[in-house]
Amino acid sequence: MREALGLVAYQVGNWSEALSELRAVRRMTRTDDHIAVIADAERALGRPERALDLAKEVDTAKLTKATQVELAIVAAGARRDLGQLDAAVVSLQGDDLKAEKREPWSARLFYAYADNLAAAGRKDEAIRWFLNAAEADAEDETDAAERAADLSNEDKNADANADTNEAKDTEATDE
C-alpha cells in the first residue's frame with residue numbers, strides 16, 4: 001500500500017509524500033527497488049546533492065539493470081542541476097550507451113544523454129543522440145524526434161540570421 005501511495009505521489013508531483021512513503025518502503029523491505037525514484041524526488045525538492053549521495057551509497061550490483069540505468073539518469077540530472085555539465089555527460093557514457101542497443105531503457109538513456117549534450121553546448125552530438133533515442137523509442141515515451149528537429153532548426157535560424165545581419169552590414173558599409 002505504501003509503495004503504491006509513494007509511486008502515485010511521485011507521478012503527480014507530490015515529492016515530499018513520495019519520499020516519505022518510498023523511504024518507509026525501503027526501510028521495511030530493505031531493498032532499493034525505488035532508489036531512482038527516491039533520488040529523483042530529492043532532485044525535485046532542490047536537493048541534487050542528496051540525490052547524488054543516494055546514488056553513491058546504494059549497491060548497484062543488487063539493482064535491476066533498469067533501475068541502474070534510471071539511477072544513472074537521475075544522477076546525471078543532479079550533476080546538471082549543480083552546473084556540472086561535462087560530468088553529467090560523462091556519467092552516462094558506458095556499455096549501455098550504444099546507438100544500436102534496443103533495451104527497454106535505451107530510449108530514455110539516449111534521450112538523457114542527448115539532453116545533457118545539448119545543455120553542454122554540444123548541439124551536433126545532441127541531435128545525433130536525440131535521433132538515436134527516437135529510433136529506440138518504440139513506445140513513444142519521449143519527444144526525441146521533435147527535440148532533434150528543434151535543435152536542427154535553431155542552427156538553420158541562426159545561419160539565416162547571420163546571413164541577414166551580414167547583408168545589412170554590407171549595405172551599411174556601401175552607403
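**View 1. Helix α2 packs through its buried residues against α1 (2-11) and α3 (35-44) in this predicted model.** Buried here means under 20% relative accessible area, exposed over 50% and partly exposed in between (1.4 Å probe, protein chains only). Helices are DSSP runs (H or I, at least four residues), numbered from the N terminus. In α2, look for Ala18, Leu19, Glu21, Leu22, Ala24 and Val25, which are buried. Just after α2, arginine 30 has a positive phi of about 55 degrees.

**View 2. Leu92, Tyr113, Trp129 and Phe130 have the most contacts inside the largest nonpolar core, a set of 25 residues.** Such a core joins buried Ala, Val, Leu, Ile, Met, Phe, Trp, Tyr and Cys residues through side-chain atoms within 4.5 Å. Its largest share, eight residues, is supplied by α7.

**View 3. A salt bridge links aspartate 96 and lysine 65, with the closest N and O atoms 2.7 Å apart.** The term asks for a side-chain nitrogen of Lys or Arg within 4 Å of a carboxyl oxygen of Asp or Glu. Aspartate 96 sits in the loop between α6 and α7 and lysine 65 in helix α5, so the pair ties together parts 31 residues apart in sequence. Aspartate 96 is buried, at 14% relative accessible area, while lysine 65 is partly exposed, at 35%.

**Notes.** Residues are numbered from 1 along each chain as its sequence is written, and side-chain values use heavy atoms, leaving out hydrogens and water. In this predicted model, local features need pLDDT of at least 70, side-chain atom pairs count only at pLDDT 80 or more, and totals for chains, interfaces and linings use all residues.

Technical notes: Helices (H or I, at least four residues) and strands (E, at least two) are DSSP runs, numbered from the N terminus. Contact means heavy atoms within 4.5 Å.
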